[in-house]
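Thanks for making time for this.

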Amino acid sequence: MSKVTQIGHPLILHKLAFIRDKKTGSKDFRDLVSEVSMLMAYEVTRDFQMEEVEIETPICKTKCNMLAGKKVAIVPILRAGLGMVDGMLKLIPAAKVGHIGLYRDEETLQPVEYFCKLPQDIVERDIIVVDPMLATGGSAADAITLLKNKGAKNIRLMCLISAPEGIKHVTSVHPDVDVYVASIDEKLNEHGYIVPGLGDAGDRLFGTK
């Protein structure tokens with residue numbers, strides 16, 4: 001079963017308040033999303049495996065723990081997910097970055113892939129799918145399905161703001177995928193927006209309407 005982790009660290013919640021504020025402009029919004037993503041990455045990577053290695057300090061030889069050859073891929077869901085990548089790369093600079101773009105066919109309601117570029121060794125990597133908003137959960141679930149169809153196995157999802165409906169959908173479709181969020185908000189409104197939410201993350205990141 002999926003594990004859902006709400007990361008309620010004071011620094012994250014403090015920055016999240018500014019992200020939600022409609023008076024926050026695009027530059028500050030981008031900086032804050034990047035900072036919160038970096039802070040959340042600590043928790044998302046908490047269970048990464050370690051190995052003991054021997055190094056030499058200026059004083060003597062000693063044994064230390066390092067990541068056990070962990071291969072990581074960060075996969076943003078376009079376009080808003082792009083705002084979370086730089087913050088995560090500050091902590092995991094060796095990670096490869098893939099990109100997934102999806103839209104839903106209005107007649108069939110099936111996901112249509114309009115862009116997908118992934119590292120060649122995606123099957124071997126631990127994948128963190130990122131998107132600021134988890135509203136209905138449709139895009140996230142579809143992106144995870146696409147990754148699985150390409151052979152990916154170890155996948156986790158990281159979002160800033162989520163609705164209970166989105167969490168329920170993703171965890172029911174993908175019970176093997178752990179979900180990490182900074183906030184679980186009240187609900188979705190009739191237009192599919194998270195309440196209280198933060199509006200349209202893509203528009204606020206890139207200054208579009």
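Let me begin with a question: is Asp131 buried or exposed? Before I answer, please keep in mind that what you are looking at is a predicted model, and that every value I quote is computed from it. Asp131 is buried, because its relative accessible area is 12% and the cut-off for calling a residue buried is under 20%. It is found in the loop between β8 and β9, the latter being residues 133–134. If we leave out residues up to four places away in sequence, Asp131 touches Ile77, Ala80, Gly81 and Met84, and also Met158, Cys159 and Leu160. As for distance, the C-alpha atoms of Asp131 and Leu82 are separated by 7.9 Å, although the two residues are 49 positions apart along the chain.

Which residues have the most contacts inside the largest nonpolar core? They are Ile19, Met40, Met158 and Leu160, in a core of 35 residues. The elements that give two or more residues to this core are α1 (10–20), α2 (26–44), β4 (72–76), α3 (85–91), β8 (126–130), β10 (155–162), β11 (178–184) and α6 (201–206). The largest share comes from α2, which supplies seven residues. Apart from this core lies another, of 25 residues, and among them are Val75, Ile100, Ile144 and Ala152.

Leu160 itself, again not counting residues up to four places away in sequence, touches Ile19, Val33, Val36, Ser37 and Met40, then Met84, Asp131 and Pro132, and finally Val181, Ala182 and Ser183.

Now to strand β4, where Pro76 is found. Pro76 is buried, because its relative accessible area is 0%. Its contacts, with residues up to four places away set aside, are Gly81, Leu82 and Val85, the run Val97, Gly98, His99 and Ile100, and also Val130.

Leu78 and Arg79 are joined by a cis peptide bond, with omega at about 5 degrees. The peptide bond from Val195 to Pro196 is also cis, with omega near 0 degrees, and Pro196 lies in the loop between β13 (194–195) and α6.

Leaving aside neighbours within four places in sequence, Leu13 is in contact with Gly8 and Ala182. From C-alpha to C-alpha, Leu13 is 22 Å from Pro76, at 63 residues apart in sequence, and 25 Å from Ile127, at 114 residues apart.

Ile167 lies in helix α5, residues 164–173, and it is buried, since its relative accessible area is 11%. With neighbours within four places left aside, Ile167 is in contact with Val4, Leu134, Ser162 and Ile184. The C-alpha atoms of Ile167 and Leu78 are separated by 19 Å, the two residues being 89 positions apart along the chain.

To finish, let me step back to the chain as a whole. How many helices and strands does it have? It has six helices and 13 strands. Its radius of gyration is 18 Å, which agrees with the value near 17 Å that a compact globule of 209 residues would have. Along its principal axes, the C-alpha trace spans about 65 × 40 × 30 Å. Buried residues make up 45% of the 209, and of the contacts with a separation of 6 or more, 63% are between residues 24 or more positions apart. The accessible surface comes to about 11400 Å², with 53% of it belonging to carbon and sulfur atoms. Finally, on charge, there are 26 positive and 28 negative side chains, and the centres of these two sets lie 3 Å apart.

Key:
Residues are numbered from 1 along each chain as its sequence is written. This is a predicted model: local features need pLDDT of at least 70, side-chain atom pairs count only at pLDDT 80 or more; totals for chains, interfaces and linings use all residues. Side-chain values use heavy atoms; hydrogens and water are left out. Helices (H or I, at least four residues) and strands (E, at least two) are DSSP runs, numbered from the N terminus. The radius of gyration is taken over C-alpha atoms; the globule rule is 2.2 Å times the number of residues to the power 0.38. Buried means under 20% relative accessible area, exposed over 50%, partly exposed in between (1.4 Å probe, protein chains only). Contact means heavy atoms within 4.5 Å. Accessible areas come from the Shrake-Rupley method with a 1.4 Å probe; for residues, only the protein chains shown count as cover. Lys and Arg count as positive and Asp and Glu as negative; His and the chain ends are not counted. The place of a charge is taken as NZ of Lys, CZ of Arg, CG of Asp or CD of Glu. A nonpolar core is a set of buried Ala, Val, Leu, Ile, Met, Phe, Trp, Tyr and Cys residues joined through side-chain atoms within 4.5 Å.
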